[in-house]
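Open the model in your viewer and keep the selection tool at hand. This tour goes stop by stop.

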Amino acid sequence: MKSHSRASEQLDEDLVLRVQQGDKSAYDLLVIKYQHKIVQLVNRYVKDPSESQDVAQEAFIKAYRALGSFRGESAFYTWLYRIAINTAKNYLMSRSRRNVDMQIDVQDAEVYENLPQLHGQETPERELLSREIVETIKSAIAKLPEEMRVAIMLREFEGMSYEEIAQAMDCPVGTVRSRIFRAREAIDSKLNPLLD
């Protein structure tokens with residue numbers, strides 16, 4: 001995926017300004033624009049589509065309440081992503097008394113769809129290998145430390161740049177690069193035995 005275009009960011013800036021000037025309907029447009037992405041992002045943490053809707057809505061409410069103090073030092077969507085991530089984390093912390101299934105959705109493995117082992121003539125052996133690869137990737141991602149898991153998910157599944165991830169995670173770009181590098185190494189170490 002590509003990062004947001006300048007035109008998209010300019011539209012966001014215009015809508016944010018309108019909201020800050022009292023035009024509540026402009027916020028509806030921002031919600032419509034980002035609702036799907038935020039729900040998807042939250043669902044990667046929450047793992048429950050109906051709960052994800054609620055958590056995403058809470059994130060939009062928090063963003064609306066804080067929009068008056070938004071200074072535009074980062075892109076609006078980066079700022080919104082950070083709020084959504086923090087809201088999802090807070091939700092998980094409050095839910096931590098229960099067992100949380102941290103499995104990654106099968107769709108999350110789409111990033112590896114270009115692996116040659118996943119394409120070509122489908123045989124029972126290839127299908128089995130494909131399933132094993134997907135399960136291995138899911139398991140490897142689920143076992144990553146949270147900061148590495150968030151970084152690799154934002155990069156590979158949300159298509160965010162290193163700079164955008166750094167803003168969303170409130171850390172230096174170098175830290176993001178390191179986390180993603182280590183996450184990929186950890187995933188590769190689990191995949192290599194299957195691919196040899």
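**Stop 1: the whole chain**

Remember throughout that this is a predicted model. Show the chain as a cartoon and colour it by secondary structure. You will find 8 helices and 0 strands. From the N terminus on, the order reads α-α-α-α-α-α-α-α.

Now switch to a surface. The chain exposes about 11000 Å². Carbon and sulfur atoms supply 50% of that area. How many residues does the chain have, and what share of them is buried? The chain has 196 residues, and 43% of them count as buried. Contacts are worth a look too. Take those between residues at least 6 apart in sequence: 64% of them join residues at least 24 apart.

**Stop 2: α1 and α2**

Select residues 6-20 for helix α1 and residues 24-46 for helix α2. Their axes come within 7 Å and cross at roughly 145°. The crossing of α1 and α2 is left-handed.

Show side chains where the two helices touch. On α1, pick Ser8, Leu11, Asp12, Leu15, Val16, Arg18 and Val19. On α2, pick Ser25, Ala26, Tyr27, Leu29, Leu30, Lys33 and Tyr34. Colour this contact of α1 with α2 by class, and you get 9 nonpolar, 2 polar and 3 charged residues.

**Stop 3: Leu29**

Stay on helix α2 and centre on Leu29. Is Leu29 buried, partly exposed or exposed? Its relative accessibility is 41%, so Leu29 counts as partly exposed. Beyond its neighbours within four places in sequence, Leu29 is in contact with Leu15 and Arg18. Draw a distance from the C-alpha atom of Leu29 to that of Asp12: it reads 9.3 Å. Along the chain, Leu29 and Asp12 are 17 residues apart.

**Stop 4**

Move on to Lys47, in the loop between α2 and α3. Check its backbone angles. Phi of Lys47 is near 65°, a positive value in a residue other than glycine. Most residues other than glycine have a negative phi. Keep Lys47 and its positive phi in mind for the last stop.

**Stop 5: α3 and α4**

Select helix α3, residues 49-66. The crossing of α3 and α4 is right-handed.

From α3, the contact takes in Glu51, Val55, Glu58, Ala59, Phe60, Lys62, Ala63 and Ala66. From α4, the partners are Trp79, Leu80, Ile83, Ala84, Thr87, Ala88, Asn90 and Tyr91. The contact of α3 with α4 divides into 11 nonpolar, 2 polar and 3 charged residues.

**Stop 6: Ala59**

Zoom in on Ala59 in helix α3. Is Ala59 buried or exposed? Its relative accessibility is 0%, and buried means under 20%, so Ala59 counts as buried. Which residues does Ala59 contact, leaving aside neighbours within four places in sequence? They are Ile83, Ala84 and Thr87. Each of these three is also among the α4 residues listed at the previous stop.

**Stop 7: α5 and α8**

Now select residues 124-143 for helix α5 and residues 173-195 for helix α8. Their axes come within 9 Å and cross at roughly 160°. That makes α5 roughly antiparallel to α8. The crossing of α5 and α8 is right-handed.

Display the side chains that meet. On α5 they are Leu129, Glu132, Ile133, Thr136, Ile137, Ala140 and Ile141. On α8 they are Ile187, Lys190, Leu191, Leu194 and Leu195. By class, the contact of α5 with α8 has 9 nonpolar, 1 polar and 2 charged residues.

**Stop 8**

Finish at Asp170. It sits in the loop between α7, residues 162-169, and α8. Phi of Asp170 is near 55°, again a positive value in a residue other than glycine. Is Asp170 buried or exposed? At 65% relative accessibility, Asp170 counts as exposed.

Conventions
Residues are numbered from 1 along each chain as its sequence is written. This is a predicted model: local features need pLDDT of at least 70, side-chain atom pairs count only at pLDDT 80 or more; totals for chains, interfaces and linings use all residues. Side-chain values use heavy atoms; hydrogens and water are left out. Helices (H or I, at least four residues) and strands (E, at least two) are DSSP runs, numbered from the N terminus. Buried means under 20% relative accessible area, exposed over 50%, partly exposed in between (1.4 Å probe, protein chains only). Contact means heavy atoms within 4.5 Å. Accessible areas come from the Shrake-Rupley method with a 1.4 Å probe; for residues, only the protein chains shown count as cover. Axes are lines fitted to C-alpha atoms, for helices over the stretch in contact, and angles run from 0 to 180 degrees between N-to-C directions. Angles under 35 degrees count as roughly parallel, over 145 as roughly antiparallel, 65 to 115 as roughly perpendicular and the rest as oblique. A crossing is left-handed if the near helix is turned anticlockwise from the far one by less than a right angle, and right-handed if clockwise. Ala, Val, Leu, Ile, Met, Phe, Trp, Tyr, Cys and Pro count as nonpolar, Asp, Glu, Lys and Arg as charged, and the others, Gly among them, as polar.
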